[in-house]
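Subject: The two-chain model, with notes

Hi,

Here is the structure I promised to pass on.

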Amino acid sequence: MAREGESRSFRRKFCKLCFDKVDRIDYKDDRRLTRFITDRGKIVPRRISGTCARHQSQITEAVKRARILALLPFTSEQYR
Amino acid sequence: MKTYETTIIFDPGLEEARINEEVDRVSQSISQAAGEVIEVQRWGKRKLAYNIRKRRDGTYIHIKHKSPPELIGEMDRRFRLNESVLRHLTVLAVKESPRPAEEPGRVGEPAVAQAAHVAPHEEKV
């Protein structure tokens, strides 16, 4: 059995938000934000999503605000 | 005076007239404090991502306004006391000047790097 890293082909990650030339992420834009949370409702880390630092910190803030307004879950229903 | 965005989630059982009344009250308190209501958005009834006080839905109102900072604390206090408000959030509004000089530079960088990568490949092929 090959190690996980060897069998996987590498593809350079890139910041999807930079690619789309997003200037600011809005906490009201919950449709966009759902792409950056896991099915458990956690914020997807940078090492997984490939987001740049600037956009990641914007995502973090926006997700946290959206959670307060019940636009996004703090956690998914089945784990509650 | 600063620009704020306030979102209020009202109880879904509230009638339209009662919500209008509540919104008017907020607008009044803003103008009384020498502030200015810029925009009122009604998002209508939405499903909540999780239940708040056993409610599954909420009526969302989003108000953009200019207010003295002292008013925000007072507004917060009133929303907390108000039984028909399920949730509220006030944040500073983002200034609408995206610094145009910075943006092309940032976007341009990866493009230049890509071009450098592509060029030697093309020579080989």
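This is a predicted model: local features need pLDDT of at least 70, side-chain atom pairs count only at pLDDT 80 or more; totals for chains, interfaces and linings use all residues.

**Chain B**

Chain B holds three helices and four strands, and from the N terminus on they come in the order β-α-β-β-α-β-α. Of its 125 residues, 17% are buried. If you take the contacts in chain B with a separation of 6 or more, 73% of them join residues 24 or more positions apart.

Strand β1 (residues 2-10) of chain B runs antiparallel to β3(B), and nine bridges join them. As a landmark in that pairing, look for B:Thr6, which stands opposite B:Ile63. Strand β2 (residues 36-52) of chain B also pairs with β3(B) in the antiparallel sense, over 11 bridges; here B:Glu36 has B:Lys66 as its bridge partner. The hairpin made by β2(B) and β3(B) has two residues between the strands, and B:Arg53 in this hairpin takes a positive phi near 45 degrees.

Next comes helix α2 (residues 69-81) of chain B, where B:Leu71, B:Met75 and B:Phe79 are buried. Seen down the helix axis, the buried residues of α2(B) fall within an arc of 75 degrees, so they line one face. What do the buried residues of α2(B) pack against? Their partners are β1, α1 (16-32), β3 and β4 of chain B. The other side of α2(B) has exposed residues, among them B:Glu70, B:Arg77 and B:Arg80.

**Helix α5 of chain A**

In chain A, have a look at α5(A), residues 53-68. With 16 residues at 1.5 Å a residue, this helix should span 22 Å, and its end C-alpha atoms are 23 Å apart, which agrees. Its buried residues are A:His55, A:Gln56, A:Ile59, A:Ala62, A:Val63, A:Ala66 and A:Arg67. They cover an arc of only 135 degrees around the axis, which puts them on the same side of α5(A). They pack against α2 (16-19), α3 (30-33) and α4 (46-49) of chain A, while A:Ala53 and A:Arg54 are exposed on the other side. After the helix comes A:Ala70, with a positive phi near 60 degrees.

A:Val63 deserves a click of its own. Leaving aside its neighbours within four places in sequence, A:Val63 is in contact with A:Leu33, A:Phe36, A:Ile37, A:Ile43 and A:Leu72.

**Where the chains come together**

The contact takes 12 residues from chain A and 14 residues from chain B. On the chain B side, β1, β2, β4 (85-92) and α3 (102-124) each supply at least two residues, and β2(B) gives the most, with four. By type, the chain B side divides into 10 nonpolar, two polar and two charged residues.

Finally, the largest nonpolar core has 24 residues, and those with the most contacts inside it are A:Leu33, A:Ala62, A:Val63, A:Ala66 and B:Ile9. Two or more residues each come from α5 of chain A and from β1, α1, β3 and α2 of chain B. The largest share, four residues, comes from α5(A).

Happy to go through any of this with you.

Best wishes

Methods: Residues are numbered from 1 along each chain as its sequence is written. Chains are lettered from A and ligands numbered from 1 in the order in which they are written. The expected span of a helix is 1.5 Å times one less than its number of residues. A residue is buried if 20 or more other C-beta atoms lie within 10 Å of its own, exposed if 12 or fewer, and partly exposed in between; C-beta atoms are placed from the backbone. The arc is that of the directions from the helix axis to the C-beta atoms. Two residues are in contact if their C-beta atoms, placed from the backbone, lie within 7 Å. Two strands pair if DSSP finds at least two bridges between them. Ala, Val, Leu, Ile, Met, Phe, Trp, Tyr, Cys and Pro count as nonpolar, Asp, Glu, Lys and Arg as charged, and the others, Gly among them, as polar. A nonpolar core is a set of buried Ala, Val, Leu, Ile, Met, Phe, Trp, Tyr and Cys residues joined through C-beta atoms within 7 Å.
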